[in-house]
Amino acid sequence: AINPMETAAVVLDPGSWLTKPGIAGEDQPVAMVKSVVGRLNSEGQEVLVGDEAIRLRKEGEELLYPIKGGGITDEEGFKAVLKYCYDRMNLFPDGRGVLLLEPPLTPQATRERKMEIFMEEYKVPFFNIATSSLLSIYSYGRTTGFCVEIGEDSLYCLPTFEGYLLEPLIRRSELGSHVLTQYLLDNLSLPEGKHLTKELAQ
């Protein structure tokens with residue numbers, strides 16, 4: 001049998017717009033999954049995730065975005081995104097440990113609930129939470145630095161000293177990539193007859 005402690009952990013980076021699942025030690029995520037959930041019929045019997053949810057959305061149907069600012073706004077939607085990510089990796093949750101990335105200043109209650117989901121419901125053999133910005137600095141072989149992280153709905157400026165985030169100095173702004181993209185859509189001019197789409201702006 002495979003020993004989970006001797007197998008590379010799953011790395012999950014759930015964001016408001018994209019969730020990136022991967023395997024520890026690999027250079028790139030296995031997939032880039034849009035953090036959006038839809039339902040194939042009114043009874044909600046089949047859940048769709050990511051591009052499929054957007055493509056098959058019926059007129060007037062609202063899509064669910066279960067992750068915002070590192071928090072969970074809809075638990076069942078969050079679990080649907082996780083299941084989709086494991087399916088993309090062809091893995092079972094209880095076969096490997098998990099490293100879950102999150103933005104800084106995430107409330108303790110949110111962290112505890114995430115841990116309950118993975119440890120109690122998914123039965124992962126071990127679980128850890130890390131701040132994505134701090135890992136970015138580690139990836140350059142440094143423990144001291146300054147990181148600017150721009151997500152879908154927020155922007156963070158994070159100073160780090162000898163491997164520790166200086167939390168009193170962290171600054172957060174609601175000026176995320178969604179706001180910047182919308183600004184481009186509203187203000188960039190193109191030749192007459194042409195229109196700037198969100199996809200082009202991104």
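The model is a predicted one, and its 202 residues, of which 37% count as buried, include six helices and 13 strands.

**Overall make-up**

- The protein exposes about 12500 Å² in total, and carbon and sulfur atoms supply 52% of that area.
- When contacts between residues at least 6 apart in sequence are considered, 47% of them join residues that are at least 24 apart.

**Helix α2**

- Helix α2 takes in residues 75-89, 15 residues in number, and its first and last C-alpha atoms are 21 Å apart, close to the 21 Å expected at 1.5 Å a residue.
- At the N-terminal end the helix is capped by D74, which has a side-chain oxygen lying 3.4 Å from the backbone nitrogen of E76.
- After the helix comes N90, a residue with a positive phi, near 55°.

**Strand β11 and its partners**

- Strand β11, made up of residues 155-161, is mostly covered, since five of its seven residues are buried under the cut-off of 20% relative accessible area.
- Strand β10 (residues 145-150) runs antiparallel to β11 and is joined to it by six bridges; within this pairing, C147 stands opposite L158 of β11.
- The two strands β10 and β11 form a hairpin, with four residues between them.
- Strand β13 (residues 171-173) is likewise antiparallel to β11, with three bridges joining the two, and here L155 stands opposite S173 of β13.
- Strand β12 (residues 164-165) is joined to β11 by two bridges, again in an antiparallel arrangement, and the bridge partner of T160 is L165 in β12.
- The hairpin of β11 and β12 has two residues between its strands, and in it E162 takes a positive phi near 50°.

**Salt bridges**

- Side chains of opposite charge can pair when their charged atoms come close; in this model the count comes to 13 salt bridges.
- One of these joins the side chains of E102 and K114, with an N to O distance of 3.8 Å. Because E102 lies in strand β8 (residues 98-102) and K114 in helix α3 (residues 108-121), this pair ties together parts that are twelve residues apart in sequence.
- Both members of that pair, E102 and K114, are buried.
- A salt bridge between the side chains of R113 and E116 has an N to O distance of 2.8 Å, and these two residues both lie in helix α3, three residues apart, which is about one turn of the helix.
- An α-helix has 3.6 residues a turn, so residues three or four places apart point the same way.
- R113 also meets E121 through its side chain, in a salt bridge of 3.0 Å, N to O.

**D153 in the loop between β10 and β11**

- D153 has its place in the loop between β10 and β11, the two strands that form a hairpin with four residues between them.
- The relative accessible area of D153 is 14%, which is under 20%, and D153 therefore counts as buried.
- A polar contact of 3.4 Å is made between the side chain of D153 and the side chain of S154.
- Leaving aside residues up to four places away in sequence, D153 touches S16, K68, G69, R172, S173, E174 and G176; one of these, S173, is the residue of β13 that stands opposite L155.

Technical notes:
Residues are numbered from 1 along each chain as its sequence is written. This is a predicted model: local features need pLDDT of at least 70, side-chain atom pairs count only at pLDDT 80 or more; totals for chains, interfaces and linings use all residues. Side-chain values use heavy atoms; hydrogens and water are left out. The expected span of a helix is 1.5 Å times one less than its number of residues. A polar contact is a pair of N or O atoms within 3.5 Å; within protein, one must be able to donate a hydrogen and the other to accept it, and residues adjacent in sequence count only if both atoms are side-chain atoms. Buried means under 20% relative accessible area, exposed over 50%, partly exposed in between (1.4 Å probe, protein chains only). Contact means heavy atoms within 4.5 Å. Accessible areas come from the Shrake-Rupley method with a 1.4 Å probe; for residues, only the protein chains shown count as cover. Two strands pair if DSSP finds at least two bridges between them. A salt bridge is a side-chain nitrogen of Lys or Arg within 4 Å of a carboxyl oxygen of Asp or Glu.
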